[in-house]
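The notes follow in the order in which I checked things.

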Amino acid sequence: MNKTFSGSLAFALVIAIIVILLKIMNWVPLSLQQETIRRYGTVDEVRAALLTKDLSVPSYFPQQITWPPSLILAQGKPYFASVMEFTRADTGEIALVISQSEGETLRVEDPIEITVIKEKVRYAMRGREAMLTVGTCRNDEPCSGITWQEGRYTMTVLMKSTPFELTKIVESMR
Amino acid sequence: MNVSLKETLVANPWVMSISSFFNSFAGMYVAQSFCHSLIAAVVTNQALKAWRIHDPLVSQRFRFLIILFPILSFPFYQMINPDRGSTLFRLEALFDINRWLAVEIGGLVPVALLFLLLLALTSLIFFFQEMVPVVRNTLDSRQPDEDRALLETGPFLENAAQTLGIKTPEVVLIEDDEPHIFSATGRDPAIFVSSGLTKALDQRQMEAALAHEMGHIARSRRPLLIIAFILRIIMFYNPVVMVKFRKAIRDEEKICDDIAVTLTRDPTALASALKVFYHKIDEPPEPQTSSRPPKGSIEEYSHNLLLESRIQRLESRSMDRSTGWGLPFVVTLLTIMVLNYYIV
């Protein structure tokens, strides 16, 4: 019994050390490489940290959407990718997600997901061809999404709203 | 859209392909199973040390955790929490391997490429050192050999087979001056002994060596062991699993030593029999007198690696039996499960 107890104590101590080492190991790449994926507070921070002006942000926001974004994640390597989440002013729930990526789109937790697609049409936007999807999310909420190619980036904007507001936001993106 | 200020931000197509792979389900499975097995290995080693577990039978059970756990861990965790792959979860995880894979050494060579090379090298070693000998051995043992000479072993083998509850194997003599002994564990088990070994060992030592092989034959009938050995193939690319699998095989040798000692009640006989093989390693290589390659390469490989510690163990008679290992095993398993959940 004594052997088991002292063994358990030693084991617990070693596990605590392993956890600390893992935390340090997880931090090292962030300190080695600025472009490693991380959370940012503002759009300007992303632009400064990744030395890019490529990050597209809408200049038009409907009143119900809160500025600044509630979440900004971005990386510069192995390819540029960012995701911004915006919340609804009244309820605080995520209402708009803007993704921009040279490769795979960054996956956020509990994303806006169009569960029932009612319409999927091609949409001409500032001389570019986009794909507009209209449907409903969970709880039968109206949702819409649009995706297009902007140079080397794949842009995806998803919104818990009708396509009318969505297209206005997308048209204002620079 | 504005033009980027920094040209280096333009991603390399092949770097993007590697990155896309590690973001796919298959890539995440490969990368996370590697991390999970590494953590399982570290935790298991510490558990064996902390609870002073030296019994090879128990150590082997702990090592099977390292081999089997990563096969199912990733799909299991994803089933519990599908958002585990999200960027936010990864950012807040205890360890995210993708952070390391995205690092570029000197701004040129991505760690992901080196990691892929490590996996490819492990796969090649697995194929040539494990799969090819096993397939060759299986094919060889299926070929009927009408002219094979059987070795007379007296009542010892029958008694031992009865004790172990297995069919008495045939003992086949191979004409070879090198000392070899190995067993074929199929439906009709057999032990193959080289003529060189029959000259090198006295009767006591030969019985101990045969008892060890009987141990292998008896253990090869355990379904859990068979399943573990088959499932190990899924982790062919995993270097941690490869190392730990080989350690599990070494444990198997010690387990069979214990079985042999139980059957012969003479540990020194087996220790001195093993010295025949041990001395063979130290001596300069002699010209091969036989063209027949040694069978059971994995087994022989582990024999050669561990002969010294096996001899010491037998001579010091430190074949301790661990009791009450159930709680440490459960604690180790739970620790591995909880830690690895936060390792993505």
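I began with polar contacts across the interface of chain A and chain B and found eleven residue pairs, both residues at pLDDT 80 or more. The model is a predicted one.

I then sorted the side of chain A that touches chain B by element. α1 (2-32), β1 (38-40) and β2 (71-75) of chain A each give at least two residues to that side. α1(A) has the largest share, with 19 residues. By class, I noted 22 nonpolar, eleven polar and 15 charged residues on the side of chain A that touches chain B.

Next I looked up the salt bridges between chain A and chain B; the count is two. I wrote down the one that joins A:R39 to B:E92, where the closest N and O atoms are 3.3 Å apart.

For the extent of the contact, I have 48 residues from chain A and 47 residues from chain B. The two chains bury about 4400 Å² between them, and 64% of that lies on carbon and sulfur atoms. A:F11, A:N26 and A:R107 supply 16% of the area that chain A buries against chain B, more than any other three residues.

Last, I turned to the second largest pocket, which has a volume of about 480 Å³. Its lining has 26 residues, and I listed those closest to the centre as A:Y79, A:L106, B:N23, B:R90 and B:N98. From chain B, α1 (13-23), α4 (87-92) and α5 (97-101) each supply at least two lining residues. The largest share, five residues, is from α1(B). I classed the lining of this pocket as twelve nonpolar, eight polar and six charged residues.

How values were computed: Residues numbered from 1 in each chain as written. Chains lettered and ligands numbered in written order. Predicted model: local features only at pLDDT ≥ 70, side-chain atom pairs only at ≥ 80, totals over all residues. Heavy atoms only, no water. 1 Å grid on protein atoms, 1.4 Å probe; cavity = no way out; pocket = protein on both sides within 12 Å on 5 of 7 lines; lining within 4 Å. Points joined across faces, edges and corners; volume = space filled by probe spheres on them. Helix = DSSP H or I, 4+ residues; strand = E, 2+ residues; numbered from the N terminus. Nonpolar A, V, L, I, M, F, W, Y, C, P; charged D, E, K, R; others polar. Contact = heavy atoms within 4.5 Å. Buried area = accessible area lost by both parts, 1.4 Å probe. Salt bridge = Lys/Arg side-chain N within 4 Å of Asp/Glu carboxyl O. Polar contact = N/O pair within 3.5 Å; in protein donor to acceptor, adjacent residues only side chain to side chain.
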